[in-house]
Amino acid sequence: MNLTSKNRQVFLSHSGVDEYRATEFAATLERRLADLGDQVEVFNTSEPEHRYKDLLLTAGQDWRAHTERYEDELRTYLTQNMEKSSAFLSLVTPNSLRAASKVIEFEIETAHSMAMRNQAPFFFPCVTGGASLRNLPPARGSFRVSNLT
């Protein structure tokens, strides 16, 4: 990974059901890169310092409008952090494939668009836990994939 001095962040996309695995993976990645002399921060929304605010709904509130506004703000927050990042890693597990998260789908589509726009490697699916490369989207051939097992 070739990270410039201003881009010291790596974005890690994952399903909430893989919170523990994502946190463990992020810590391992940071530690191994530090061992190589490269200080990198992994942006991981399972970590409190990167977590976006919770959606809070109250009685009598227009929950649909509030939820739509929250989702727009969340997508903006995620996009801003992806733009600050030198690489986008997507942790693909059987759990994340079953969850079929709209947020993960948004992150992957955004990362893929950024990679195409910048004509540079940016999007790296990381497959583990028994998930198969065959389970990735058909465009997987255009991605650089790492098998973590």
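Visitor: How many salt bridges does the structure hold?

Guide: The structure, a predicted model, holds two salt bridges. In this predicted model, local features need pLDDT of at least 70 and side-chain atom pairs count only at pLDDT 80 or more, while totals for chains, interfaces and linings use all residues. Residues are numbered from 1 along each chain as its sequence is written, and side-chain values use heavy atoms, with hydrogens and water left out.

Visitor: Why is the contact of Asp38 with Arg8 called a salt bridge?

Guide: A salt bridge is a side-chain nitrogen of Lys or Arg within 4 Å of a carboxyl oxygen of Asp or Glu. The closest N and O atoms of Asp38 and Arg8 are 1.9 Å apart, so the pair meets that definition. The pair links distant parts of the chain, 30 residues apart: Asp38 is in the loop between α1 (19–35) and β2, and Arg8 is in the segment before β1 (9–13). Helices (H or I, at least four residues) and strands (E, at least two) are DSSP runs, numbered from the N terminus.

Visitor: Is Asp38 called buried or exposed, and why?

Guide: Buried means under 20% relative accessible area, exposed over 50%, and partly exposed in between, with a 1.4 Å probe and protein chains only. Asp38 has 16% relative accessibility, so Asp38 counts as buried. Arg8 has 26%, and therefore Arg8 is partly exposed.

Visitor: What makes Arg75 and Asp72 a salt bridge?

Guide: Their side chains meet at 2.4 Å, N to O, and the limit is 4 Å. Both residues lie in helix α2, three residues apart, about one turn of the helix. Arg75 counts as partly exposed because its relative accessibility is 32%. Asp72 is partly exposed too, at 43%.

Visitor: How many aromatic pairs are there, and why is the pair of Phe11 and Phe43 called stacked?

Guide: The structure holds five aromatic pairs. Phe11 and Phe43 are 5.1 Å apart centre to centre, with 25° between the planes. Rings of Phe, Tyr and Trp (its six-membered ring) pair if their centres lie within 6.5 Å; planes under 30 degrees apart count as stacked, over 60 as edge-to-face and the rest as tilted.

Visitor: Where is Leu55 found, and why is Leu55 called partly exposed?

Guide: Leu55 is found in the loop between β2 (41–44) and α2 (63–83). Its relative accessible area is 33%, so Leu55 is partly exposed.

Visitor: What is the pattern of the protein along the sequence?

Guide: The protein follows the pattern β-α-β-α-β-α-α-β-β, which comes to four helices and five strands. Of its 149 residues, 40% count as buried.
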